[in-house]
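User: Hi! I'm new to reading protein models. Could you walk me through some helices, one feature at a time?

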Amino acid sequence: MTRILHVLDHSLPLHSGYTFRTRAILRAQMARGWEVRGITGHRHSMGQGADGPMEEQVDGLHFHRTPGQAATGNPVLREWRDISAHADAIDALVRQWRPDIIHAHSPVLNAMAAQRVAKRHGIPIVYEIRAFWEDAAVGNGTGTEGSPRYWLTRQLETHAVRNADAVAVICEGLRGDLATRGIDPAKIIVSPNGVDMDQFGTVAPRDPALTAHLGLDGADVVGFIGSFYDYEGLDDLIAAMPRLVRARPKAKLLLVGGGPREQALRDQALASPFADHIVFVGRVPHDEVDRYYAQVDILAYPRKAMRLTDLVTPLKPLEAMAQGRLVAASSVGGHRELIEDGVTGTLFSPDDPGAIATALAGLFADRSGWDARRIAARAFVERERNWSSNILRYEPVYQKLLARGDKARAAA
């Protein structure tokens, strides 16, 4: 039986788009009959609620942790020490469990740690990029495009891709960028973000008690469910509310989640002349998220225009489509890969509160095409973004790498 070791930044029990994609991959691979485990680095221990044993089962999945705490001090030395500690933990697990393939997931620090071990033991390695670390830092406000650190991280990323036996990316934007760096396109597969239809495929009915509790009775509800980062453009969504409410007096905005921008967004909403039309829920348990999807008429994703959002496709719009919700999003590159304007969703200009308000008001004014759009969006997810089918994209890559290893061992 094929054994696959996934090298991860963080995992369940933490909740994020990263951990949910990981869970979907591991579950689908287990259903395929493969043995899978994951091992996380020191960054996992920095996450809220990440305290736990060095080896644990979470949601039926087997995870190992890198012992110790993240290093401190000079950023370059700190990250180098974290890579070394992660590599040592991976090496110990490889000696104990003997995986056939190492599948390292971004950021690049994980690839660097995993490649040390893979080379030492002669194990093929797949490097999966969900976002370029340098661009994610810019999007999170912790980095600056064009800075020396940005340039160095980009060089490390390119080096890691060249040294991997195979590369997986989550969207065409990332594959195209790697091609401009001289990476052979034949080495790269696209394994797009997908939805576990067993979890999100059942549309939950609206809970009247929750509707009343949130103050949404009779409202035209716009919603966002996810993490509150600057690049998500939620400040533009809040800024669009005065114009939207003037056009649609019953409009309300439901914001579910949290993150670095939460307090700033709450302050902005409080200063709005229509503050009573904006509802913050905070974070909710993942198994209750569908109750909040059911409260929303239109899920809005007003991501700002930048390299990160142009190159990377998000997961949340797919979950909304699977839930039978209407989707409206900014026309950045990552959204254009997922949403066909006027067919599976509505696209509007990024960084433009006026465009957001106009698009949303137009949708509420004419509901005649809503059912057809919901059906088309859900069919797209079932056909092209369902994890039960997405997992098949890895299989030929794994088989090729395993066959290459068998051939090398036979020659030796």
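Analyst: Happy to! Let's start with helix H1 (residues 17-31), which has 15 residues and reaches 21 Å from its first C-alpha to its last. That is close to the 21 Å expected at 1.5 Å a residue, where the expected span is 1.5 Å times one less than the number of residues. Helices here are DSSP runs of H or I with at least four residues, numbered from the N terminus. This is a predicted model, in which local features need pLDDT of at least 70, side-chain atom pairs count only at pLDDT 80 or more, and totals for chains, interfaces and linings use all residues. Residues are numbered from 1 along each chain as its sequence is written, and side-chain values use heavy atoms, leaving out hydrogens and water.

User: How many of the 15 residues of H1 are buried?

Analyst: Buried means under 20% relative accessible area, with a 1.4 Å probe and protein chains only. Eleven of the 15 residues of H1 are buried, so H1 is largely enclosed by the rest of the structure. Among them are Tyr 18, Phe 20, Arg 21 and Leu 26. After H1 comes Gly 33, with a positive phi near 100°.

User: How do I read two helices packed together?

Analyst: Two packed helices are described by the angle between their axes and the distance between the axes. Axes are lines fitted to C-alpha atoms, for helices over the stretch in contact, and angles run from 0 to 180 degrees between N-to-C directions. Take H10 (residues 234-247) and H16 (residues 353-365): their axes come within 8 Å and cross at roughly 45°. That makes H10 oblique to H16; angles under 35 degrees count as roughly parallel, over 145 as roughly antiparallel, 65 to 115 as roughly perpendicular and the rest as oblique.

User: At roughly what angle do the axes of H3 and H4 cross?

Analyst: The axes of H3 (residues 75-97) and H4 (residues 108-121) cross at roughly 40° and come within 8 Å. H3 and H4 are therefore oblique to each other.

User: Is Ala 322 buried or exposed?

Analyst: Ala 322, which lies in helix H14 (residues 316-322), counts as buried at 0% relative accessibility. Its C-alpha is separated by 7.7 Å from that of Glu 382, 60 residues apart along the chain.

Note on methods. Helices (H or I, at least four residues) and strands (E, at least two) are DSSP runs, numbered from the N terminus. Buried means under 20% relative accessible area, exposed over 50%, partly exposed in between (1.4 Å probe, protein chains only).
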